[in-house]
Amino acid sequence: MKVLSLLSIALTSILSTTVLADTQVIHAGELLAVPGKAPLKKQTVVIVDGKIKEVKKGFVSAKSIDKDATLVDLSKSFVMPGMMDMHVHLQGELGPNNDSEALKMSSQLMQMRSHMFAMRTLNAGFTTVRDVGSSSQEMYALRDAIDRGWMQGPTIIAAGGVGITGGHADVSGVSPELMEFHDESNKTVCNGPYDCRRAARHAIKYGANLIKITSTGGVLTDRATGTGQQMEMDELKEVVLAAKRMGAKVASHAHQEDGIIAALEAGVASIEHGTYAGKKSYKLFKKSGAYLVPTLLAGETVLQMAKNTDVLSDSQKAKAIKVGTDMKGNFAKAYKAGVKIAFGTDSGVSKHGINAQEAVLMYKAGMPAAQVIKSATVNAADLIDKSASLGTIEAGKIADIIAMHASPLTDINELLDVDFVMKSGEVIKSK
């Protein structure tokens, strides 16, 4: 009885102990709390347990808010929400050794490298990414480990890929024996509407947050199969419906307008690349509310590779020169037509950690700096259904916050040199 009494007293003491909140106070010299609106001077951001509690005018003493609060002095910096990249491939980078790496690198070592790429992305100021094409279980594991706080990294929204036999999402450019081996293990390559329904359900069952489809051919497919429509309308509709039934959105890789139109009519949430979108597809974008994720950096990367290196095959080079040359001008037309834009780079084609170069290309193509930043924050959060927790610096939001010396609204190049990164209230980088 005496032992039980002592245990009871100890348990009561533990339960009655007040857990001290972790409070941080940021003094922001200039604060872009809501991208798309004007920034504010001399603001105080109060963060408790990784979430924004309130934003106050002026520089309020940290100790007056909480005697144990930590002050983060950004009083001489431009402060804004963490950026989000809606199109990355964290497991690799395009280069001359891709074939040998695919044969020699273990999945475990690839996983270690993908975390390195994820950290480069986070340190560049991108606190959330949408990975739209990787070895699925490895990417889901990285996503989940970051979510559980086992390791640092950006929040990852991970896609499961669904594509047709011989299409852009299918393996190419290797021997028939290797392609046959790959076919046996790939359960999300499909043919016909009902098989594509099965493939979408399979991807979601095994952990996909969304489905990535390839309605058209692609530049890096090592076959001269063009960039026009490849998936049929009935296949596209079944993937979108299957995903919708299970609470997931669909993103579609698409270059030529026939494939863009088909994907939009099927009900996708975003078009990736959208190189040759035109007047008909603009109307469908606006009617459906779908986003264009332009990936200008990928276009510029493959264009330069095609012209200056031997990394790409002859069939890839021809497509890269055409698409890379046309992409920026057509993006400008889509933006001016009123198509909604969400920021995305296709990093993995370009190098990880230089994601903000996309912002510079978008600005040079004619998109105002304020709208470029909004595309990487407010718009991106909307696309992934995270507007309640991400995209702005407001009460109740997760404290994903970045800072730089000067305003990117004045000079977009400031986004290339992020000095401070906070992810969920944890300081990742501070120069």
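Predicted model: local features only at pLDDT ≥ 70, side-chain atom pairs only at ≥ 80, totals over all residues.
**View 1. Helix 8 and what packs over it.** Look just past the end of helix 8 and you'll find Gly247, which has a positive phi of about 80 degrees.

**View 2. The disulfide between Cys190 and Cys196.** There is 1 disulfide in the structure, and here it is: the sulfur atoms of Cys190 and Cys196 sit 2.2 Å apart. Its torsion about the S-S bond is about 85 degrees, so this disulfide is right-handed. Both cysteines, Cys190 and Cys196, are buried.

**View 3. The second largest pocket.** This pocket has a volume of about 350 Å³. It is lined by 20 residues, and the closest to its centre are Ile146, Asp147, Thr155, Lys423 and Ser424. Helix 5 (136–147), strand 7 and strand 16 (426–430) each give two or more residues to the lining. Sorted by class, the lining comes out as 7 nonpolar, 7 polar and 6 charged residues.

**View 4. Met105 in its loop.** Met105 lies in the loop that joins helix 3 (98–104) and helix 4 (107–123). Is Met105 buried or partly exposed? Met105 is partly exposed, because its relative accessible area is 25%, and buried would mean under 20%. Leaving aside residues up to four places away in sequence, Met105 touches Ser100, Met110 and Arg113.

**View 5. The largest cavity.** Searching the whole structure turns up 2 cavities of 30 Å³ or more, and the largest holds about 50 Å³ of space. Around it are Pro81, Gly82, Met84, Thr127, Leu390, Gly391, Thr392, Ile398 and Asp400. That lining splits into 4 nonpolar, 4 polar and 1 charged.

**View 6. The second largest cavity.** The volume here is about 30 Å³. His273, Gly274, Thr275, Leu292, Pro294, Met327, Asn330 and Phe331 make up the lining, and helix 12 (residues 314–336) gives the most to it, with 3 residues. By class, the lining of this second largest cavity has 4 nonpolar, 4 polar and no charged residues.

Definitions and conventions. Residues numbered from 1 in each chain as written. Heavy atoms only, no water. Helix = DSSP H or I, 4+ residues; strand = E, 2+ residues; numbered from the N terminus. Disulfide = S-S within 2.5 Å. Buried < 20%, exposed > 50% of the residue type's maximum accessible area, 1.4 Å probe, protein only. 1 Å grid on protein atoms, 1.4 Å probe; cavity = no way out; pocket = protein on both sides within 12 Å on 5 of 7 lines; lining within 4 Å. Points joined across faces, edges and corners; volume = space filled by probe spheres on them. Nonpolar A, V, L, I, M, F, W, Y, C, P; charged D, E, K, R; others polar. Contact = heavy atoms within 4.5 Å.
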